[in-house]
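Subject: Structure for you to look at

Hello,

Here is the structure I said I would pass on. Please open it alongside this message; my notes follow below.

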Amino acid sequence: MSVIVNEVRRSTFLDSIVLMRISRQIAALSGVEEAGLVIGTPANKDILQEARILGADGDKAGPGDLIVALRANDDRAAAAALAEAKRLLDHPEISGVPTSENTSRSIRAAFQRLPNANLALISVPGHFAPSEARKALALGLHVLIFSDNVAIKEEVALKREARERGLLMMGPDCGTAIIAGVPLAFANVVPRGNIGLIGASGTGIQEVSCLIARAGGGVSHAIGTGGRDLKSEVGAITTLMAIDALDADEATNHIVLISKPPADAVAKLVLDRVAHSAKPFTICFLGAQDLRVPANARAAATLKAAAELAMGKILTNEPAQPPLLPFGRGKLVRGLFAGGTLCSEAQIVFGRAGLKVTSNVPVPGASPAADGTHLMIDLGADEFTRGRPHPMIEPAVRDRPLLDALADPTVGVILLDVVLGYGGHADPAGHLTKLLAARDQGQVILASVTGTDADPQSRHEQVHKLTEAGVIVTASNAEAAELAIRAIGG
Amino acid sequence: MLATSANSKLVDAARHTWSRTIPILRSGVLAGDFCRWHSRAEVAAVFKRSIFLRHDDAFVCLAAPSIGNGPLTLIAEFNPSGLRRGEPVSVTERDIAIGDTRFNFDRWELWRPPPWPRALEYGRLIKVCRSLAVRMTADAPAEGLGRIYGQQTATARIARPRVMRFESWLRDTLATDRATTNLSSAAVHDLIGMGHGLTPSGDDFLAGALAVLDALVERKAHAALARAITAAPHGLTSPLSHCLVSAAAAGHVGERLHLAVSAITMGDVDAAIASIRTIGHSSGWDMLAGATATLAVVAAANAA
């Protein structure tokens with residue numbers, strides 16, 4: 001059980017470097033999980049809260065006060081750390097942590113420092129990303145561009161250059177990849193195995209890789225391509241190179257492709273390449289109608305189905321009994337998703353059940369948002385994230401839409417996703433449950449948790465928080481959507 | 001009786017025999033105002049090269065020349081090691097007395113920054129922004145705002161959306177034709193008092209933003225930002241930092257920041273970074289983060 005300790009020093013002014021040195025020293029002590037020394041402004045209390053180290057004493061501090069905040073494994077470690085913090089504050093001259101950072105000024109300098117590196121991850125504002133990517137390519141590095149807002153012309157030029165050099169260009173807007181067991185950007189801690197994933201969708205890769213992991217399988221590599229790779233302009237350059245790579249990879253026995261439906265010509269290009277492989281494929285083009293796949297491939301309508309085909313077994317359905325809708329509530333379902341692909345998958349599940357569904361990001365067969373139908377909202381879409389971070393990083397993006405849904409008497413079921421892993425919010429379930437604590441027991445709330453117990457947030461702990469708050473948690477996003485349909489008698 | 005009187009005179013004489021008399025060499029505009037308006041103060045903080053004197057919520061910095069000139073700074077060749085926090089300070093327009101040390105104004109000069117240089121055209125400034133962003137990502141300290149896009153610290157998670165809201169606010173402010181806007185100041189207030197350090201990173205960020213707006217003669221946006229800062233509720237930041245960011249809102253920035261922003265607007269990234277490195281541990285980088293974010297928004301708006 002973690003222990004949070006705060007101490008407040010009134011009207012204390014210390015040099016910034018001293019505060020940061022002491023902060024690092026305390027954080028490095030045995031048994032200390034997190035530590036920070038900041039002045040007690042409201043904004044800094046937000047930061048301490050976010051770091052889960054704000055206690056009642058710290059919360060009472062004023063803007064001229066210094067807060068010493070820490071979280072430790074147990075009381076003993078907390079007391080020892082606080083004593084050390086006091087000693088260093090009383091004698092700031094004895095804090096002498098080296099301040100040099102293990103950073104380089106440029107990709108070239110970083111490469112000189114790590115000459116065996118073979119991949120550069122680029123996460124800078126979008127208009128700066130292409131020039132950095134070109135430098136990395138020139139050094140012979142594969143590239144993952146996390147940044148979005150890169151012009152599609154630049155993307156095409158970068159991917160062509162990478163192809164000419166025999167290098168993989170993942171992205172722009174590549175949110176997820178796992179290369180040789182190393183998670184990059186938003187990714188989960190999954191065991192290594194023999195299933196290779198290629199995805200234009202970050203949350204799609206996350207959901208499938210986690211379902212595989214929880215079913216006892218593992219992932220050889222998960223290669224993100226960026227959301228536009230299967231568009232006609234780009235022509236699946238990265239997807240085709242990724243298929244080549246996994247086809248040649250001895251550790252990969254089965255390859256899963258995940259994407260929104262590509263343009264017809266691009267789909268043909270990709271499926272022709274698949275047909276030339278000796279390995280089995282699962283093709284999950286979410287929302288594709290009448291998809292014809294080669295003999296060595298199977299088509300999956302949902303992410304869950306893709307994981308099942310890759311694993312060769314049906315994943316468990318839970319729970320068996322649909323929840324009862326409370327009396328007096330409407331029968332509409334409102335889905336509020338952090339993951340865009342999870343939103344698409346829910347629409348597909350509803351569409352396959354013959355239910356009319358609308359969305360701000362409709363899949364084929366669904367329609368743009370309109371009143372009076374089941375509504376699936378992708379909260380990662382531009383209208384929700386303009387000037388704000390993605391809801392996987394900042395779960396508060398969902399607060400207003402969730403409160404609206406809770407207050408809407410026509411809504412009987414609320415569908416949610418919680419996406420864990422590196423890069424995501426430290427405690428998305430905790431944030432949700434705080435918001436849900438004030439609700440009346442109106443709607444049925446269903447959620448899926450994309451993640452594993454080995455993730456930094458621990459799926460087990462996140463599920464526990466949600467179930468304690470009365471949320472019904474299913475094993476997959478598709479099952480949450482299926483259960484919602486059963487709950488409304490569909 | 002005679003002896004007693006003589007002793008008394010000796011005591012009086014001793015009172016005015018300072019063990020150290022140190023000339024103040026330069027004074028910022030607001031530092032001079034502090035000395036005119038307040039007759040007493042106390043030592044609020046003692047650092048290696050500077051001390052801060054406080055009267056209520058007003059501060060002045062008494063610093064060695066290596067700190068650099070500033071609007072709230074009095075420059076003198078001295079070593080603060082003998083001074084103690086909490087010591088009472090007597091202030092007049094002629095001198096500042098702390099214990100047996102007297103800082104006199106016998107031969108001081110007023111320091112003001114030079115006028116801003118003529119800026120490059122916006123297309124070239126966009127390239128400057130690009131270089132600055134790369135340098136910040138590589139070199140800025142982990143604790144500040146210079147590297148929030150590459151990190152998953154609690155500070156970065158809180159700061160990222162707030163910086164983005166500020167950029168959005170600035171875009172909207174630049175887009176409106178009115179001299180005064182009704183735009184919410186929350187995007188500015190959210191940054192005040194945010195982050196590590198004696199002057200929180202958010203305050204330094206805003207100082208950098210103000211300096212760039214001033215240098216680019218974006219008067220309307222500068223006034224809007226200054227209004228938002230001065231109208232901020234009391235208690236969002238520390239009294240000391242409030243004093244410094246208020247000075248920036250009034251158009252007064254320190255010598256090092258002025259040098260850095262001048263270099264930025266003339267396209268000399270190396271000179272800008274060199275100057276930034278001399279401002280505290282992370283404060284300079286936080287100022288640079290604000291300056292770069294602001295320059296990117298302004299340049300994009302004007303280049304479009």
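Predicted model: local features only at pLDDT ≥ 70, side-chain atom pairs only at ≥ 80, totals over all residues.

Strands of chain B

As background, strands of a sheet pair through backbone hydrogen bonds, in either a parallel or an antiparallel way.

The three-stranded sheet of chain A

Chain A has an open sheet of three strands in the order β1-β3-β2, with antiparallel pairing. Its edge strands are β1 (3-9) and β2 of chain A, each of which pairs on one side only. On average, neighbouring strands in this sheet are turned by 10° against each other, direction ignored. Between β1(A) and β3 of chain A (residues 66-72), which run antiparallel, there are seven bridges. One place to look is Asn6(A), whose bridge partner in β3(A) is Ala69(A). The helix α1(A) lies across β2 and β3 of chain A and runs at about 165° to β2(A).

The seven-stranded sheet of chain A

Chain A also contains an open sheet of seven strands with parallel pairing, in the order β16-β15-β17-β14-β18-β19-β20. β16 (367-368) and β20 (472-474) of chain A are at its edges with a single partner strand each, so one side of each has no neighbour in the sheet. Inside the order, β14 of chain A (residues 332-337) and β18 of chain A (residues 411-419) run parallel and are joined by five bridges. Arg334(A) has Ile414(A) of β18(A) as its bridge partner.

Two helices to check against this sheet are α8 and α12 of chain A. Helix α8 of chain A (residues 202-214) packs on the sheet and touches β18 and β19 (444-450) of chain A, its direction making about 85° with that of β19(A). Helix α12 of chain A (residues 340-352) packs on the sheet as well, touching β14, β15 (357-359), β17 (374-378), β18 and β19 of chain A. The direction of α12(A) makes about 160° with that of β17(A).

Where the chains meet

How many residues of each chain are in contact with the other? The contact involves 42 residues of chain A and 48 residues of chain B. Together the two chains bury about 3,800 Å², 62% of it on carbon and sulfur atoms. Three salt bridges are found across the interface of chain A and chain B. In a salt bridge between Arg24(A) and Glu143(B), the side chains meet at 2.5 Å, N to O. Six residue pairs are in polar contact between chain A and chain B, with both residues at pLDDT 80 or more.

On the side of chain A that touches chain B, at least two residues come from each of α1 (16-27), β2 (32-39), α2 (42-50) and α6 (129-138) of chain A. The largest share, six residues, is from α2(A). By type, the residues on this side of chain A are 18 nonpolar, 14 polar and ten charged.

Regards

Note on methods:
Residues numbered from 1 in each chain as written. Chains lettered and ligands numbered in written order. Heavy atoms only, no water. Contact = heavy atoms within 4.5 Å. Buried area = accessible area lost by both parts, 1.4 Å probe. Salt bridge = Lys/Arg side-chain N within 4 Å of Asp/Glu carboxyl O. Polar contact = N/O pair within 3.5 Å; in protein donor to acceptor, adjacent residues only side chain to side chain. Helix = DSSP H or I, 4+ residues; strand = E, 2+ residues; numbered from the N terminus. Nonpolar A, V, L, I, M, F, W, Y, C, P; charged D, E, K, R; others polar. Pairing = 2+ DSSP bridges. Axes fitted to C-alpha atoms, helices over the stretch in contact; angles between N-to-C directions.
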